[in-house]
Amino acid sequence: MKQFISIILFSLLFTNLYSQEKVALKPYWDNGLKLESADKNFSIKLGGRIQYDIMFISQDDSLNNHFEANNGTEFRRARLYTSGTVYKTIKYKFQIDFAGNHVVIKDAYLKFTKIPGVGNITVGNFKEPRGFEMISSSNFITFMERALTNQFDNDRNLGIMLNNSWFDKRFSAYLGFNYPSGNNAKYSGNKYNLATRISGLPYYKDDNGLQLIHIGGGYTRENHNYEEASYASRPEAHLAPKYLKVDFDNISHINEYNAELVLIYNSLSFQSEFTMADVVTGEYSTLSKDNYNMNSFFGDISWFITGEHKNYNKGKSAFDRIKPKRNFREEGGFGAFEIAVRYSLMDLNDGDINGGKMNNITLGLNWYLNPITRVTLNYVRSNIDQLGIANIFQMRFQITF
């Protein structure tokens with residue numbers, strides 16, 4: 001409750017600042033409560049998300065001998081945020097998450113925009129520029145959970161990022177320098193991540209539907225300062241056990257390479273990513289090799305059986321909010337329905353490292369009742385090499401505003 005009150009006070013503070021400048025703000029609804037000045041130089045938006053999940057899991061006897069798995073339910077995300085613009089060129093966002101009865105700062109940044117020759121500079125706590133699947137908000141991804149490639153990506157960290165776009169936002173570039181602060185909102189040490197991402201739209205057509213080809217790629221250097229590092233991965237179900245695990249005792253740095261492809265042809269879409277992590281060991285490592293290659297891949301296809309299409313945000317080079325042609329119970333509407341299938345693979349085996357190998361097949365059904373409400377059904381069949389098979393049924397009730 002104290003954190004919720006803090007958000008309200010934070011928003012009122014900005015509103016008060018605007019009033020001191022004698023700027024009138026007009027309230028209106030834009031998939032969330034928004035206040036904006038007539039000249040659009042000042043704005044405030046209040047929003048949040050609730051994602052409530054239910055999962056049922058069944059493991060074969062072989063897998064049961066190694067892992068304990070239980071059915072479960074959780075608030076996957078429970079967030080509140082405020083964002084906006086001040087004096088036309090400065091943007092901000094402050095978002096906190098209450099899921100798991102822990103208060104975590106997710107976004108807390110300032111963005112300086114329209115800087116000649118640079119574009120935008122973001123400082124604070126924000127997502128590192130890594131991959132289409134990671135950059136796309138959890139509100140708008142196709143399945144309940146991001147694909148296995150996401151296990152190589154960092155989420156939000158403290159740092160600074162430069163980004164810009166050209167040719168009507170059809171080509172974008174990002175450069176981020178972040179400290180591995182995690183959810184602690186502070187960091188002290190010598191580790192850092194230097195992440196780059198570029199993306200382009202060689203084909204884009206948005207009249208009478210949406211057709212596009214998105215191609216992107218990235219490189220990240222993680223400096224681990226000869227300390228320990230690890231990877232751990234569960235199937236695409238947050239309540240499932242982590243079947244894969246690998247530990248490195250002494251790491252110099254990790255080179256991470258990423259390639260992404262998105263195709264949208266009206267109601268049909270395809271998305272794919274490949275990520276490889278080249279782990280370079282330190283002089284005092286007990287492992288036998290100087291470097292180890294870990295990799296992951298996924299590809300998915302989705303189709304809106306009610307005629308809608310994926311929405312694409314050119315400014316972020318990522319998916320955006322789905323808007324049904326007719327909302328549920330409005331003029332006899334049923335909302336939008338999307339069916340999807342995904343194949344994903346992760347391999348954490350190399351040389352004397354045996355972190356495991358896993359491939360998943362996920363079937364999904366999304367029901368978009370309106371632009372802010374969604375119900376999702378997922379079935380995940382996870383095959384863990386030489387260990388066994390897990391069958392997972394899960395469901396999400398989501399509202400985002």
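Reply: Alanine 69 is partly exposed, at 23% relative accessibility (buried is under 20% relative accessible area, exposed over 50%, partly exposed in between, with a 1.4 Å probe and protein chains only). The model is a predicted one, in which local features need pLDDT of at least 70 and side-chain atom pairs pLDDT 80 or more, while totals for chains, interfaces and linings use all residues. Residues are numbered from 1 along each chain as its sequence is written, and side-chain values use heavy atoms, without hydrogens or water.

Alanine 69 sits in the loop between helix H2 (61-64) and E4 (helices, H or I of at least four residues, and strands, E of at least two, are DSSP runs numbered from the N terminus). Between the C-alpha atoms of alanine 69 and lysine 127 there are 31 Å, with 58 residues separating the two along the chain.

Further along, the loop between strand E4 (72-86) and E5 holds tyrosine 87. Tyrosine 87 is not a glycine, yet its phi is positive, about 50 degrees. Its relative accessibility of 49% makes tyrosine 87 partly exposed.

Lysine 91 belongs to strand E5 (residues 90-97) and is partly exposed, at a relative accessible area of 39%.

The loop between E5 and strand E6 (104-115) contains phenylalanine 98, which is partly exposed with a relative accessible area of 24%. From phenylalanine 98 to tyrosine 379 the C-alpha distance is 27 Å, across 281 residues of sequence.

Next come the rings. There are 16 aromatic pairs (ring centres of Phe, Tyr and Trp, its six-membered ring, within 6.5 Å; planes under 30 degrees apart are stacked, over 60 edge-to-face, the rest tilted). One of them joins phenylalanine 132 and phenylalanine 319 edge-to-face, with centres 4.8 Å apart and planes at 85 degrees. Because phenylalanine 132 is in helix H3 (residues 132-135) and phenylalanine 319 in strand E16 (residues 318-320), the pair ties together parts 187 residues apart in sequence. Phenylalanine 132 is buried at 0% relative accessibility, and phenylalanine 319 is buried at 6%.

Tyrosine 219 and tyrosine 257 make a tilted pair, 5.4 Å from centre to centre and with 40 degrees between the planes. Tyrosine 219 is in strand E11 (residues 211-233) and tyrosine 257 in strand E12 (residues 244-265), so this pair links parts 38 residues apart in sequence. Elsewhere, ring pairs connect Phe177, Tyr179, Tyr187 and Tyr192 into a cluster.

One more loop residue deserves mention. Asparagine 208, in the loop between strand E10 (192-205) and E11, has a positive phi of about 55 degrees without being a glycine. At 80% relative accessibility, asparagine 208 is exposed.
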